[in-house]
Amino acid sequence: MKLSIFLGSVLLGQSNAHYLFGRLILEGKWTKTWEYVREVSPLQNSNYGYEMVSPLTEPNSVDIRCGRNASVLRSPVKIATIHAGDTVGFAAGEPMLPGDLKPWMYHPGFASAWLSKAPTDDLDSYTGDGDWFKILSVTGRTEQSLDWSLPEHQSYYNAIKAVWGTYRLDSYNFTIPKTTPPGKYLLRFEHIFPNMEDAQIYPNCAHVEIVNTDAEAGTPGPLVKIPGVYTRGQPDMYFAYYDPKFNVSTFVPPKPEVWSG
C-alpha cells in the first residue's frame, strides 16, 4: 500500500511540475526572461499553463538543443559579453505552472551546461547544428544545493529527491572555462529528470560572446552533436531514481565528459 501511494505521488509530480530556464545570470544579477535566452514555443493542444513549460521527451528531436522550436530564433535577444573565466548562470523564469510557489527545478535529476560556437558572427541564424562541448555537470549535492535544515525548506523536503544537487533550486551558477576560445556561442543549460519510460529534458540556450584576452585558447572536447548525444533507453538516463539501490554518489551521468579548459 505504501509503495502504491509513493508511486502515485511520483506520477503526480511528473505531470504537475515543469519549468524552463529563460533567465541568464550575469554578474550575479538575474536578467529578464527571454532577454538573452531564446524563447521557446508553446506545446500545441495542451492544458492552460502547461504549454510553455512542457518537457521534451524525445531524445532524437532537434528541440532538445535549445527548447521547443528554439533552434530557429523566434524573437530578438541580446548577446551577453562574457570573459573566459567569468561566472554565469541560468535561472528558472516565468512562465511557470499555475499553483507552483515559484519557478524552480521541481524534479530530481542532473544538470549540465554546454557551449557551441557559431560558424559566423551571425549568431541569430545559427541553429546549433554544429559541435557542442560540456562545461558543467551536476549530479549530487554541491555548495549551491538547498540547506534542508532551514525552516523555510523543510516543508518540501523529500529524502529520496534531496540527494540530487539541483533539487528545488531556482538557479545554478558555473564558470566559463578560462581557456575557452573567443567567439560567439550558444550557451546551453539542461536539466534532466530521469524516468524509466520518458526521461524529461529541459534545455534552453542563451546568446553569448566570449572574450579571451588573458589566456591561451584551449581545444574544447569531446565534441558532440545535439541531437545525437542521447539514445532512448540508455541506462544512465532511463532509470528509477527512487530505486532503493540507487546511489547518487556513484552515479555517472551521460557522456560526454566535462571540458574544464
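Here are a few friendly notes on the sheet and the salt bridges in this structure.

1. A word on the model: it is predicted, so local features need pLDDT of at least 70 and side-chain atom pairs count only at pLDDT 80 or more, while totals for chains, interfaces and linings use all residues. Residues are numbered from 1 along each chain as its sequence is written, and side-chain values use heavy atoms, leaving out hydrogens and water.

2. An open, antiparallel sheet is built from four strands in the order β2-β1-β4-β7 (strands are DSSP runs of E, at least two residues, numbered from the N terminus; two strands pair if DSSP finds at least two bridges between them). The edges are β2 (29-30) and β7 (171-175), each with a single partner strand, so one side of each lacks a neighbour in the sheet.

3. Within this sheet, β1 (residues 23-26) pairs with β4 (residues 87-91) through four bridges. R23 has A91 as its bridge partner in β4.

4. Five salt bridges are present (a side-chain nitrogen of Lys or Arg within 4 Å of a carboxyl oxygen of Asp or Glu). One of them joins R188 and E190 at 2.5 Å, N to O. R188 is buried at 0% relative accessible area, and E190 is buried at 1% (buried means under 20%, exposed over 50%, partly exposed in between, with a 1.4 Å probe and protein chains only).

5. E58, D198 and R232 form a salt-bridge network. E58 and R232 have their closest N and O atoms 3.7 Å apart; these two residues are 174 residues apart in the chain. R232 also meets D198 at 2.9 Å, N to O. E58 is partly exposed at 34%, as is D198 at 35% and R232 at 39%.
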